[in-house]
Each structure stands twice: as structure tokens, then as C-alpha cells.
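Me: I'd like to learn how to read salt bridges and sheets in a model. Can we go through a case together?
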Amino acid sequence: MTQQEFQSVLRRYRQGLCSPAEEKIINEWYDSIGQDIELDVENCEDEVFQKRYWSQISNHIGRSKPLKTKSIIFSPWSYASAAVIILSLVSFIYLFATSQSERSNIFSSSNSLRVDTKEVQNTGLIPEEILLQDGSRITLQRGSKVSYSEPFNSSKREVYLEGEAFFEVAKDPAHPFLVYTNEVTTKVLGTSFFVRANKGEKEIVVIVRTGKVMVYAQHSESDEKSTTHLREVVVIPNQQVVYNRKNESVEKKLVEKPQLVLEQPTFKMNYSNTPVADIFAALEESYGVAIQFDKEALSSCTLTTDLSEEGLYERIEIICNALGASYSTLNTAIVIEAKGCK
């Protein structure tokens, strides 16, 4: 088995896709690593990791007692096989450590910028547009600053933000795009979103325009209410995540002005004697926002109205006024309170 083939098996092992025979091989090799090899996964860097642990593994092998066998025959192929196994063990430790620490170290990357880091600060009066090497675009607001390596490293694309910026990320599923703002990290594969993380402000805000992002919010060790110190939140268009720096709380809610998510909206500007449920369904689909209401109470209600007013909330208000109803927002949904037709 070549080193490349071994690494492929390791990846399948981490994903739970190994065959029983492959799993047995990996488990046996992992058990043979020994307990005296110290893994310092929190302080490792990709470029020095294998060198550092190669030394530890070599020392470990040197201290190990030889196996008792009746005869040992060495040949050039024996040495070659041994080299492959040792390199494979190094790769296994690296992959295992990466798997175990990926979530906890998502914040620590901000301390490992390389010497070829590029920094851009907008000192002008208008937003500044930055084109990254991968085709992504950053619209940097005045007084804000971003830092990033150019080119990106081989596994992920990382940007460090102070202030406010709008990101249009080129799609690349194999290389996640991460935006670091100290307490909050935003991870995407390809989408557009806005981040506000100004110094001195009590909140960090992530607003999604298109696609889907993962937002990781950090908690201090003193937070006894949380079972983990890293909260993961999925955010889709017309949703935002608000992180409170003081109490380290995370709230996901609707944006102030929801935008249409369909190029061709399914709702009409004018309705004539149309079931209210159908109008709500069209608005829900066009904006990608859940609209909750008592379907039984409004089952017989029809509406003739003009919805040319701009904005989702304005249109909801027109419908509610016609029905004698009211509405409120609950997390990422609009809730209609109505007892029936007016």
C-alpha cells in the first residue's frame, strides 16, 4: 500500500466509509502509535506539523523493544515498506489531530498569519472593492480593515476582518472560505453575506444575502450554561446572527428588510378574491421566509388587494389590516395572529 493509498483509507476511516478490513488495519496501526507520543494539536502549523511529530515518532520507535521473532531478514524492500508505514503514521496523526481539533481551532487560526499576508485598510470616504485571487470580492466599508494570505493556503481561504464588509465568495466546495472577527467565525463555500464587527460595539452581526453560511460563536470557559464553548448556527438568506459580546449570547432572527430570493417572484402585485393562504404561500416562497398562521381559522378567507407596496413587512401589514389581524416575528418566522375573516 502506497502512502497516498494509505491517506485515502484514513480519510474514509474518518468519514465512517471504511470496509471492515480497512478499519481493522487503521485501528491496529493507531493502537501501535503508543501512549508516550505527545500531540500538541493546539499549537501545530501545517508546514511544521509532520517534521515535529516525525521526530517524536522516530524517537518512539528507537525506544521500543524489538519484536521477538525466530528470524528477521532485512532487505531494501523491508526498509522501503518501513518508510511507507512511518510516513503513513505521521499522516494518520496529522489527519486525526485535524479531525479532533477542527472545531476548537477554528478561532486559533487568526494567530498563524504567514509572512506574505496582505493587509488592506479603507481610509477613504467611500467603500473600497477588493478582488481576491480566487475571484471572490470584498466591499470594504470606510475605516475597516481586512488581512489575508496571497495566495490562499492549499486547504482553505481565510480573511481577517476589523469593521464592516460585504463578501461575494466564489464557489469552491473543496476550499471553505472563513472570515474571522475574533469572537465570531463565518464559514462558507460560495455565497454573499455582510459582516459588521466594529471595535467598541457590543454586537457582531452576520447577514446572509445569498446561499448558506455557518457561523461559529465563541464562549468563554466561565460560561457554565453551555455544554460546549463553540456554538454553530446555520444562516440562510434574509436571516442574521447577532452575537452579544458582553453576555456571549447568539440570536438568529430575520433581517430588518427582507429581500426577494427568487429572480421571478411567485406573488402578484394585485389579487382579486384570492384565498389568503395562497397569498401567504407565494410571499413565503418569494422571500424564503416562513409565515405561520392558523390555517383552519383563515381557510375560508379570500382577499382583493394591491400589494405593490415595497417590502415584505409592508405587504404583510396590508393583508393583516384587511383581515383585522396582527403580526410579529419569532426568531426567523413571521407569525400572523388572526381569529378569522374581518
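Me: Let me start with a side chain: is Glu 201 buried, partly exposed or exposed?

Reply: Keep in mind that this is a predicted model. Glu 201 counts as partly exposed, at 34% relative accessibility. Its salt-bridge partner is Arg 196, and the closest N and O atoms of the two are 3.5 Å apart. Arg 196 is partly exposed as well, with a relative accessible area of 25%.

Me: How many salt bridges does the structure hold?

Reply: The general idea is that side chains of opposite charge can pair when their charged atoms come close. In this structure there are 7 salt bridges. One of them joins the side chains of Asp 134 and Arg 157, at 2.4 Å from N to O. That pair ties together distant parts of the chain, 23 residues apart: Asp 134 sits in the loop between β2 (128-131) and β3 (137-140), while Arg 157 belongs to strand β5 (residues 157-168).

Me: And how do I read the burial of that pair: is Arg 157 buried or exposed?

Reply: Arg 157 has a relative accessible area of 3%, and the cut-off for buried is under 20%, so Arg 157 is buried. Asp 134, at 26%, is partly exposed.

Me: Which residue does Glu 183 meet in a salt bridge?

Reply: Look for Arg 245; the N to O distance is 3.3 Å. Here the partners lie 62 residues apart, with Glu 183 in the loop between β6 (177-181) and β7 (184-188) and Arg 245 in the loop between β12 (239-244) and β13 (249-254). Glu 183 is partly exposed at 23% relative accessibility, and Arg 245 is partly exposed at 22%.

Me: Now sheets. What is the strand order in the open sheet of 3 strands?

Reply: In general, strands of a sheet pair through backbone hydrogen bonds, either parallel or antiparallel. In this sheet the order is β15-β18-β17, and the pairing is mixed. The edges are β15 (290-292) and β17 (326-330), each pairing on one side only. On average, neighbouring strands are turned by 25 degrees against each other, direction ignored.

Me: How many bridges join β15 to β18?

Reply: There are 3, and the two strands run parallel. For instance, Ala 290 has Ala 333 in β18 as its bridge partner.

Me: Which helix packs on the sheet?

Reply: That's α6 (residues 312-323), which touches β15, β17 and β18. The direction of α6 makes about 140 degrees with that of β17.

Note on methods
Residues are numbered from 1 along each chain as its sequence is written. This is a predicted model: local features need pLDDT of at least 70, side-chain atom pairs count only at pLDDT 80 or more; totals for chains, interfaces and linings use all residues. Side-chain values use heavy atoms; hydrogens and water are left out. Two strands pair if DSSP finds at least two bridges between them. Helices (H or I, at least four residues) and strands (E, at least two) are DSSP runs, numbered from the N terminus. Axes are lines fitted to C-alpha atoms, for helices over the stretch in contact, and angles run from 0 to 180 degrees between N-to-C directions. Contact means heavy atoms within 4.5 Å. A salt bridge is a side-chain nitrogen of Lys or Arg within 4 Å of a carboxyl oxygen of Asp or Glu. Buried means under 20% relative accessible area, exposed over 50%, partly exposed in between (1.4 Å probe, protein chains only).
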